[in-house]
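Let's take a friendly walk through this model, from its domains to its core, its rings and its surface.

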Amino acid sequence: MAKDTKELLKKVRKIEIKTRGLSNHLFSGEYHSAFKGRGMAFNEVREYQPGDEIRTIDWNVTARFNHPYVKVFDEERELTVMILVDVSGSENFGTIIQQKQDLATELCAVLAFSAIQNNDKVGVIFFSDKIEKFIPPKKGRSHILMIIRELIDFTPENKGTNVAEALRYFTSAIKKRSTAFIISDFISGPFDDQLKIANKKHDIIALKLYDRHEEEFPNLGLIPVVDEETGELQWINTGNKEVRNAYKKAALERNSRLKETFSKSGVDFTSIGTHESYVKPLMTLFKKRESRR
């Protein structure tokens, strides 16, 4: 076995151990409560008991036996879960602990393991400013490990980000209603219309990845900054307070536009920084969904 392959498998195994443990102990129950039980499949009838919902009475059977009977429903357990992952150049940005791409890989793995523990199919779309790769939804551990391996080892052809294109492709590729997580820094052109269309057909959750230094420059004097998506190099004087303030203002405006886009489309949304653990933001998001059910 080549050294590169060995290293890759080691990385896959490491991510599997960490994320599988998390999804076993933390997320599996939360995931079930937050995403399951929407569709109900009719199973059987039984005699009415005090406390049963009147709406579940089966009037045909009740008339036949002259005694109230209720319908018993089972949750339709199987969901299709799609994960749309931004693999563009800006995902390589990260100054604290981890890069956004590492964070995206772990998030993808934790969501995928939570999904397969709940008997769901998982598929992935890798996107930059074009669709880089589509992995159709399937079940099983080996499928998840293949997804993780691809995430670690994937080199995108393009460096830009086009969320609208990813949503357009997703809406046309996946016909059955699914739950979809979009993992990106959302540094992209407008995608409001495509988001509205996609969220009408599917249930979309947005996970925004960010690095603190994209939102606030520390005072480091004159520094070279390379735009990962265009390759352009700029020298920025972070010693100048006005420069730092303008940078922060632009980031705040970008964030508030993004929040508005998600709330207008009715999309659940959370931000996860490269400097923090993703456990708390994910748990908070799942619990918020659960409380609305």
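## Domains and ground rules

Into which domains is the protein chain divided? Domain 1 covers 1-20 + 77-209 + 271-291, and domain 2 covers 40-75; these bounds come from an automatic or database domain assignment. Taken over C-alpha atoms, the centres of domain 1 and domain 2 are 41 Å apart.

Please keep in mind that this is a predicted model, where local features need pLDDT of at least 70, side-chain atom pairs count only at pLDDT 80 or more, and totals for chains, interfaces and linings use all residues. Residues are numbered from 1 along each chain as its sequence is written, and side-chain values use heavy atoms, with hydrogens and water left out.

## The nonpolar core

The largest nonpolar core has 43 residues. Such a core is a set of buried Ala, Val, Leu, Ile, Met, Phe, Trp, Tyr and Cys residues joined through side-chain atoms within 4.5 Å; buried means under 20% relative accessible area, exposed over 50%, and partly exposed in between (1.4 Å probe, protein chains only). Among the residues with the most contacts inside this core are Ile83, Leu107, Tyr278 and Phe286.

Elements that give two or more residues to the core include helix 1 (3-35), strand 3 (80-86), helix 3 (100-117) and helix 9 (279-292). Helix 3 provides the largest share, 10 residues. Helices (H or I, at least four residues) and strands (E, at least two) are DSSP runs, numbered from the N terminus.

## Aromatic pairs

There are seven aromatic pairs in the structure. Rings of Phe, Tyr and Trp (its six-membered ring) pair if their centres lie within 6.5 Å; planes under 30 degrees apart count as stacked, over 60 as edge-to-face and the rest as tilted. Phe134 and Tyr169 make an edge-to-face pair, at 5.7 Å centre to centre and 75 degrees between the planes. Because Phe134 lies in strand 5 (residues 131-138) and Tyr169 in helix 5 (residues 163-173), the pair ties together parts 35 residues apart in sequence. Phe134 is partly exposed at 27% relative accessibility, and Tyr169 is partly exposed at 26%.

Phe191 and Phe262 form a tilted pair, with 6.1 Å centre to centre and 45 degrees between the planes. Phe191 sits in the loop between strand 6 (179-184) and helix 6 (192-201), and Phe262 in helix 8 (residues 241-265), 71 residues apart. Both Phe191 and Phe262 are buried. Ring pairs also link Phe186, Phe191, Phe262 and Phe269 into a cluster.

## An exposed tryptophan

Trp235, in strand 9 (residues 233-237), counts as exposed because its relative accessibility is 55%.
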